[in-house]
There are 2 protein chains.
Amino acid sequence: MPVDGRLVRGEATRRAILERATDVASVEGLEGLSIGRLAADLELSKSGVFALFGSKEELQLAAIRFAGDIFADNVTRPTLEVEPGIGRLRALCENWLGYSERRIFPGGCFFFHTGAEFDARPGRVHDAVAEAGTAFSVFITRTAREAQDIGELRADIDVSLLAFELHALGQAANADSVLHGGIEPYRLARAGMRNRVGGAASTSRPPMASVPQGVPAARRWPGSASAG
Amino acid sequence: MPVDGRLVRGEATRRAILERATDVASVEGLEGLSIGRLAADLELSKSGVFALFGSKEELQLAAIRFAGDIFADNVTRPTLEVEPGIGRLRALCENWLGYSERRIFPGGCFFFHTGAEFDARPGRVHDAVAEAGTAFSVFITRTAREAQDIGELRADIDVSLLAFELHALGQAANADSVLHGGIEPYRLARAGMRNRVGGAASTSRPPMASVPQGVPAARRWPGSASAG
DNA sequence: AAAGTATACGAACAGTCGTGCTACTTTCTG
DNA sequence: CAGAAAGTAGCACGACTGTTCGTATACTTT
């Protein structure tokens with residue numbers, strides 16, 4: 001398999017730029033990104049960074065894709081390793097809270113920050129962020145519905161409402177913790193999630209069989225970053 | 001009461017600037033505010049706007065105070081007109097959701113947007129936004145505790161957790177609605193809040209006596225804007 | 001060896017940013 | 001009436017923005 005040395009070099013710098021860009025954007029926002037500052041931080045030329053993406057908007061979109069890979073590596077993928085049911089639902093909650101709490105991005109959840117930043121603006125960046133949010137909501141809902149289909153959640157439970165509540169608790173934990181500091185919000189969110197899931201479980205004594213599966217301490221491990 | 005014509009004139013323009021500034025900031029953020037654009041929108045000179053606040057940071061802080069007045073006029077003040085207890089707690093939820101849903105600020109809740117924007121940054125603006133968030137959390141918790149002290153919420157209820165959950169549902173409704181459009185998030189949040197409050201109520205049949213009190217259709221009515 | 005391509009650089013573009021200085025108008029005080 | 005005070009305007013500054021251009025280097029393909 002012959003590899004083009006120029007391409008691997010470009011891919012490496014592109015990756016370094018996006019790694020830095022997603023970190024910055026989680027704190028200062030995607031609009032707070034500046035090509036010049038990015039170039040200075042990485043000791044590259046401004047025009048070099050610019051040429052690699054073509055425009056600032058393309059850089060922002062690439063950063064969103066890159067952050068999506070990191071999110072998947074830390075939240076959704078490890079969750080899918082747990083077999084469907086209430087155990088997977090609990091694992092999802094824990095993986096998500098852990099991803100926020102461990103500050104995979106220095107500013108907390110990348111998509112919470114950028115979602116709030118672009119919520120009321122039109123454009124391609126808004127659409128990309130909104131789509132990522134929708135995808136995760138669907139993922140939560142599907143995970144809950146699986147558990148219901150298996151019979152581990154009561155049939156009369158509104159899974160859309162349950163998913164909304166779990167989503168709300170996670171968002172609030174991230175928001176409160178980053179804004180005010182401290183880990184108390186995560187304790188509250190875990191308690192709330194336990195109540196919600198436990199209250200929806202079929203047996204009054206929820207099956208504590210499968211402990212929610214965490215992820216290693218490694219900060220990041222994005223395998224495939226499609227940063228076109 | 002003799003009034004200084006120069007002062008009332010300045011106060012009027014200051015107010016016009018802050019009205020515009022809070023609207024813009026709820027969509028584009030406090031960092032997205034630009035003195036030049038503000039001046040152009042209001043047909044004032046850039047230096048005139050600048051002189052009125054002294055610095056951009058002071059403008060941002062004044063905008064936060066102004067938005068705080070609008071928030072109080074729409075959420076906390078009308079809530080306090082309901083007598084303490086579970087009725088006031090329900091009114092708080094409804095007033096808050098209504099304030100977000102009616103888009104008192106075009107970008108949804110001002111403090112959600114700016115809180116997310118400045119959550120991970122240091123400085124006076126962060127502190128002001130965080131303090132506003134803390135004050136509202138305390139307000140929710142106090143309202144719930146009142147209801148518990150009166151005996152309308154069960155004694156074994158953790159009011160801190162209840163307040164956190166209600167706060168989370170409101171935040172999520174605002175976030176989802178602004179980002180994705182539609183009013184379904186408010187329906188879900190109302191359902192969740194009803195479950196939380198109803199489940200914490202002392203009687204299994206919650207007292208539907210006091211209907212949550214809404215606010216008039218008028219968009220804003222800030223009485224006293226301390227815009228120093 | 002020649003042609004073509006991708007990365008990266010340096011300089012410069014026009015525009016906007018926050019800020020400071022000066023001058024003028026309006027209003028209040030004495 | 002004079003003088004002070006507050007608001008507003010005009011102008012210019014240095015710094016930074018995204019973007020464009022021309023060019024040098026490294027690599028692959030012919």
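**A helix pair and its surroundings**

Mentor: H4(A) and H5(A) are roughly antiparallel to each other (angles under 35 degrees count as roughly parallel, over 145 as roughly antiparallel, 65 to 115 as roughly perpendicular and the rest as oblique). Keep in mind that this is a predicted model, where local features need pLDDT of at least 70, side-chain atom pairs count only at pLDDT 80 or more, and totals for chains, interfaces and linings use all residues. Residues are numbered from 1 along each chain as its sequence is written, while chains are lettered from A and ligands numbered from 1 in the order in which they are written.

Two packed helices are described by the angle between their axes and the distance between the axes. Here, helix H4 (residues 56–80) and helix H5 (residues 86–101) of chain A pack at about 160°, with their axes 8 Å apart. The axes are lines fitted to C-alpha atoms over the stretch in contact, and angles run from 0 to 180 degrees between N-to-C directions. The helices themselves are DSSP runs (H or I, at least four residues), numbered from the N terminus.

H4(A) brings A:Asn74, A:Val75, A:Pro78 and A:Thr79 to the contact, and H5(A) meets them with residues including A:Arg88, A:Leu92, A:Trp96 and A:Tyr99. Contact means C-beta atoms, placed from the backbone, within 7 Å. By class, the residues of this contact are 6 nonpolar, 3 polar and 1 charged; Ala, Val, Leu, Ile, Met, Phe, Trp, Tyr, Cys and Pro count as nonpolar, Asp, Glu, Lys and Arg as charged, and the others, Gly among them, as polar.

Now for the partner chain. Contacts link 33 residues of chain A with 33 residues of chain B. On the chain A side, H6 (110–118), H7 (124–150), H8 (159–180) and H9 (184–200) each supply at least two residues, and H8(A) gives the most, with 12. That side has 16 nonpolar, 12 polar and 5 charged residues.

A rotation of 180° with 0.0 Å of shift along its axis superposes chain A on chain B, at RMSD 0.0 Å (by least squares on C-alpha atoms of residues with pLDDT of at least 70 in both copies). This is the relation of a two-fold axis. A:Ala168 is the residue of chain A that comes closest to the axis, at 2.6 Å (C-alpha).

Note on methods: Contact = placed C-beta atoms within 7 Å.
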